[in-house]
Amino acid sequence: MKKAIILAAMLALPTFAGQRLIYTTPAPVPTAPPPAAGWGLEIAYTYSWAACDIYKDWVPCKEIRSNGVDLTGVYNFNAHHAATLRLAYAFGARSWSDDVYFDGHELVSCYSWNEAARVRMHTFSLMPGYRYTLPLCPHAALYAGVNVGVSNMSIKDNYHESNYGVDRNHKSDWGFAYSAEVGLRFNLCADSEFFVAYHFTGSTAKTSNNGYTTHRQTNHGIRTGVGFRF
């Protein structure tokens, strides 16, 4: 009996010897990427078309379009939430020599008394804020942010300078500043990104100069730039 069992085992050995052993490993469990915590810095350019409520005496004037730059410090708590601090500057200018208005009888030149009439607006603002980011894929994300703080707006009128050689009038005022933006961010490499967004800003600063008066300052615009992570 024993001999029969040994013989059967020896006959079956070549069959098992030709088989390959297959080792299987369990599929890896997907894990979320580590949170993008840490500091960052953004350098941005803004172009705004304004809805500034500006008057020359009692005559409403056209909107002032402005260009601006800002530096924004960012602290990312994780991949979604971040605190920001933005220092911004915007400049706008407008000449109204060919603007017209209806005086009740006819269309007349807005400032026919001064063909060189030109107003410049400068706005500085410092605003802390909050930002929420929603990753869309490993290389792109949707984000939205709000900022509130203070601003200083000044008006410079060149009427006296251009006509009488007198220094340009310059008046400024402080006010409450706010902004909001919605946009897209794209990774350029591990530590830098490009972004573009719709940008809305406003200020409650009110100032007047040589008959020019601002009651409010709100702007719709585009903000674009690059960000760096440290």
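1. Two residues are in contact when they have heavy atoms within 4.5 Å of each other. In the protein, 67% of the contacts with a separation of 6 or more are between residues 24 or more positions apart.

2. This is a predicted model, in which local features need pLDDT of at least 70 and side-chain atom pairs count only at pLDDT 80 or more, while totals for chains, interfaces and linings use all residues. Residues are numbered from 1 along each chain as its sequence is written, and side-chain values use heavy atoms, with hydrogens and water left out.

3. The protein has 2 helices and 14 strands. These are DSSP runs numbered from the N terminus: helices are H or I with at least four residues, strands E with at least two.

4. Of the 230 residues in the protein, 35% are buried. Buried means under 20% relative accessible area, exposed over 50%, and partly exposed in between (1.4 Å probe, protein chains only).

5. Asp70 lies in strand 4, residues 65-76. Asp70 counts as buried because its relative accessibility is 5%. Beyond its neighbours within four places in sequence, Asp70 is in contact with residues including Glu42, Arg86 and Arg223.

6. Which side chains make a polar contact with the side chain of Asp70? One is that of Thr72, at 3.0 Å, and another is that of Arg223, at 3.0 Å. A polar contact is a pair of N or O atoms within 3.5 Å; within protein, one must be able to donate a hydrogen and the other to accept it, and residues adjacent in sequence count only if both atoms are side-chain atoms.

7. The whole structure holds 0 disulfides, a disulfide being a pair of cysteine sulfur atoms within 2.5 Å. Cys137 is partly exposed at 39% relative accessibility, and Cys189 is partly exposed at 46%.
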